[in-house]
Amino acid sequence: MNDLVAAAHYLQDLLPDMVGELAPWPSSKAHGLPHFLASLFRLAEIDLLGHRVLLAIVPAHTVPAPPLRLIAQVRRLAEKAGLRVILVLSGVSPYIRSKLIESRVDFVVPGSQLFAPSFLMNLRERHSSPRELLSVGERLSHPAQAVLIAALLRPDLEERGIPGSVPWAPLDLAREAGYSRMTASRVARELVAANLASAQREGRETKLRFLKARRSLWTAALPRLRSPVLRTTCIGKSGLATLPADDCRAAGETGLSVLTELAAPARPVAAIRRDCFRRHPEPEWFPVAGEGYADVQHWAYSTRLSGAGAVVDPLSLYLSLQGQGDPRLDGALRDLLDEVFV
């Protein structure tokens with residue numbers, strides 16, 4: 001993996017759904033740059049927080065320029081390209097990095113640091129700092145919630161109800177949910193900081209152990225969890241068949257009616273992952289309600305945490321429906337949890 005791709009993955013992990021896909025810098029645009037800039041940098045474009053940004057890296061085999069010259073070259077590149085430039089760094093000295101910070105030049109060190117004052121961001125991993133607990137009421141990130149739920153759905157991660165009896169790899173479950181190794185590492189730190197799991201290094205891999213039995217852990221985690229539903233759109237009932245089959249699952253009261261004895265609603269509800277239309281054409285949505293239509297929930301994470309099937313996972317389904325004050329739903333949700341934690 002080259003450093004431009006590594007930088008893109010790092011940004012996507014740091015800022016989920018706020019960073020687009022990496023695209024090569026078109027040769028037609030490169031030809032419009034002064035020759036010394038086009039030959040000095042390897043370039044690629046990416047969307048960051050709604051802005052088109054140019055990632056620029058000086059190839060490793062190039063003799064590094066003095067900091068002031070490098071800063072001037074980056075600024076000239078931004079001027080000629082008409083885009084903000086984020087310099088991608090790998091293996092640079094602390095002196096050069098400090099000069100870039102002093103000059104407020106945007107840069108990223110894949111896997112370590114993002115310094116982007118033009119976006120008002122300064123994010124850095126600090127593995128040597130003492131572990132901090134999450135504050136009371138602080139929510140888990142969506143990736144951490146997804147991985148925790150995927151683990152709680154696995155009865156085999158607990159023997160005879162004994163907490164911590166089975167170690168598990170967050171990387172395996174993160175990959176199933178569509179996340180990278182870097183995100184899995186962040187998830188592990190979050191779950192430990194939330195006092196939900198303990199971590200132990202086994203070679204190059206981190207293994208986690210539950211600190212409580214599965215149902216007790218779910219109860220302890222619940223204040224830190226939230227509905228996965230980001231927004232709901234409307235589609236014709238016949239349009240449900242056009243949604244990506246690998247991502248679309250029954251959700252809401254429709255999903256609950258499949259998993260419990262609750263009666264199915266007249267208006268179907270389905271869920272899709274929010275980014276599924278990166279790979280599929282997006283259908284036409286309607287701003288209407290009533291017969292002949294269905295609701296489509298756009299979820300913050302995978303709709304397939306429980307594996308194959310026609311319904312979203314039961315724990316995320318619970319989170320999407322809890323607290324509505326409907327006795328029918330409350331009773332069905334209790335039955336749902338009893339089935340999960342039997």
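Predicted model: local features only at pLDDT ≥ 70, side-chain atom pairs only at ≥ 80, totals over all residues.
Let's start with the whole chain. Along its principal axes, the C-alpha trace spans about 70 × 50 × 30 Å. If you count up the secondary structure, you get twelve helices and 13 strands. Of the 342 residues, 49% are buried. The chain exposes about 17,100 Å², and 53% of that comes from carbon and sulfur atoms. As for charge, there are 41 positive and 35 negative side chains, with the centres of the two sets 9 Å apart. Now think about who touches whom: take the contacts between residues at least 6 apart in sequence, and 66% of them join residues at least 24 apart.

Reading across, the order is 10-13-12-11, and the pairing is mixed. Strand 10 (229-236) and strand 11 (249-250) are at the edges; each has a single partner strand, so one side of each has no neighbour in the sheet. Further in, strand 12 (residues 269-273) and strand 13 (residues 293-299) run parallel and are joined by five bridges. To spot this pair on screen, look for Ile272, which stands opposite His298 in strand 13.

Now for the inside. In soluble globular proteins, nonpolar side chains tend to be buried together. Here the largest nonpolar core has 58 residues, and those touching the most other members are Leu140, Leu148, Trp168, Leu191, Trp218, Leu256 and Leu315. Several elements supply at least two residues each, including helix 7 (170-176), helix 8 (181-193), strand 9 (205-210) and strand 12. Helix 6 gives the most, with eight residues. There's also a second, separate core of 25 residues, with Leu33, Phe41, Ala56 and Ile71 among them.

Zoom in on Leu256 from the largest core. Which residues is Leu256 in contact with, leaving aside its neighbours within four places in sequence? They are Leu262, Leu317, Leu321, Leu329, Ala332, Leu333 and Leu336.

Two of those partners, Leu317 and Leu321, bring us to helix 11, where both are buried. What do the buried residues of helix 11 pack against? The list is helix 6, helix 9, strand 10, helix 10 (252-259), strand 13 and helix 12.

Note on methods: Residues numbered from 1 in each chain as written. Heavy atoms only, no water. Pairing = 2+ DSSP bridges. Helix = DSSP H or I, 4+ residues; strand = E, 2+ residues; numbered from the N terminus. Buried < 20%, exposed > 50% of the residue type's maximum accessible area, 1.4 Å probe, protein only. Contact = heavy atoms within 4.5 Å. Areas by Shrake-Rupley, 256 points an atom, 1.4 Å probe, with all protein chains shown as cover. Lys, Arg positive; Asp, Glu negative; His and termini not counted. Charge placed at Lys NZ, Arg CZ, Asp CG, Glu CD. Core = buried A, V, L, I, M, F, W, Y, C linked by side-chain atoms within 4.5 Å.
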